[in-house]
Amino acid sequence: MSKKEDSRGKKGSHQTELYAEVPSTCLPIVYSPEYNITFMGLEKLHPFDAGKWGKVIHFLKEEQFINDEVIVLAREASEADLLVVHTARYLNRLKNAILEGSREWSLVVATITEIPPLLFLPNFLVQRKVLKPLRTQTGGTIMAGKLAMDRGWAINVGGGFHHCSSDKGGGFCAYADITLAIKFLFERVEGVARATIIDLDAHQGNGHERDFLEDRRVYIMDVYNRHIYPGDGYAKRAIKRKVELDWGTEDMEYLQKVELHSEGALNEVRPDIIIYNAGTDILDGDPLGGLAISPQGIIKRDEIIFRAARRRGIPILMVTSGGYQKKTARIIADSILNLHRQGLIGEEAVEAQGRYLEGCLLKERLMSFVVGTSPQVGGLMVMALFSSDNA
């Protein structure tokens with residue numbers, strides 16, 4: 001489905017390892033043990049479960065859905081990769097520390113990750129133990145974007161750093177992986193001219209919204225708790241379909257709104273790819289999300305989005321984003337397993353996507369032929385095409 005000449009992509013693109021070919025024996029599920037952040041217990045000072053990604057993989061292996069041989073190993077995004085979106089000034093701020101005597105203080109990263117003690121650690125340690133995992137997850141999202149175009153679907157078990165824009169991080173988001181994945185696709189993959197972001201994390205996705213504020217190629221649907229961080233009024237101008245929720249919103253209202261507005265968004269503009277930010281901080285009891293969605297509600301939500309994509313034959317990339325309870329990893333794994341049971345992901349889904357695309361290509365060729373035939377013959381051929389759709 002996607003074609004490129006090499007890893008350099010279109011003229012002017014830099015060389016990257018993130019678009020390397022992936023063996024057909026792998027499922028388009030991207031992960032690396034490097035995702036998980038462990039650093040002398042400091043990661044526990046933030047409510048985010050900094051090891052949840054590895055737990056998701058553990059649960060999927062327990063259920064025998066995956067093994068190490070079928071997982072696509074994520075690669076760390078290089079500085080050249082990051083510069084596709086980020087300013088050099090912003091990346092330098094992540095590297096540079098405040099010098100005080102002979103000590104280095106990592107102020108910017110401590111602010112972004114909301115872990116104040118990082119301020120007092122040497123920046124080289126912060127780079128290795130905190131930022132490298134986030135760069136690897138970012139590379140995973142970019143890789144999953146191409147995989148989604150090739151296979152019809154892809155899941156990065158990490159990523160979803162939707163508060164980070166090209167020149168500013170925040171909310172535990174240091175790199176703009178969603179923006180990067182889309183920009184890579186626009187620059188490197190033929191046939192990708194429009195993208196839709198469906199952001200269902202409990203928080204407003206102000207990072208990608210700021211990045212695509214003036215870009216008509218990107219349609220953004222955002223469903224979030226109106227009362228919590230970040231409350232970015234400027235970024236809201238980029239949202240084409242805005243659904244603001246109140247404290248304690250429960251399953252019935254939430255799922256009705258998700259289905260109604262996702263159908264509306266995809267009917268309004270047909271994208272070439274959907275980027276689905278599947279945050280689980282909507283879970284009842286989440287200390288930061290403020291909503292009251294059950295585990296079953298989250299599983300149903302993900303199914304709704306994947307079904308909407310499948311019905312239209314649109315490739316979908318899912319990232320896992322926020323979620324601040326220990327049981328979040330189990331719910332993500334259960335949701336992925338449900339998508340597989342429903343035939344929405346897995347080898348069968350890849351084959352179904354291929355058949356759908358072959359059918360679309362055949363109909364396109366037939367319609368081109370119809371234009372050159374007599375009205376009587378052309379009419380009969382069109383009727384046959386529509387009857388095959390309804391069969």
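## Cysteines

Is Cys-173 buried or exposed? With a relative accessible area of 4%, Cys-173 is buried (buried means under 20% relative accessible area, exposed over 50%, partly exposed in between, with a 1.4 Å probe and protein chains only). Cys-164 also counts as buried, at 1% relative accessibility.

The structure is a predicted model, in which local features need pLDDT of at least 70 and side-chain atom pairs count only at pLDDT 80 or more, while totals for chains, interfaces and linings use all residues. Residues are numbered from 1 along each chain as its sequence is written, and side-chain values use heavy atoms, leaving out hydrogens and water.

The model holds zero disulfides (a disulfide is a pair of cysteine sulfur atoms within 2.5 Å). The cysteine sulfur closest to that of Cys-173 belongs to Cys-164 and is 6.9 Å away, too far for a bond.

## Strands 7 and 8

Strand 7 (residues 218-225) and strand 8 run parallel and are joined by five bridges (strands are DSSP E runs of at least two residues, numbered from the N terminus; two strands pair if DSSP finds at least two bridges between them). Met-221 stands opposite Arg-241 in strand 8.

In strand 8 (residues 241-245), Arg-241, Val-243 and Leu-245 form the covered face, and Lys-242 and Glu-244 the uncovered one. In a regular strand the side chains alternate between the two faces of the sheet.

## Helix 8

Helix 8 (residues 251-268) is a DSSP run of H or I with at least four residues. Its buried residues include Tyr-254, Leu-255 and Val-258. Among the elements covering the buried residues of helix 8 are strand 7, strand 8 and helix 9 (295-312), where contact means heavy atoms within 4.5 Å.
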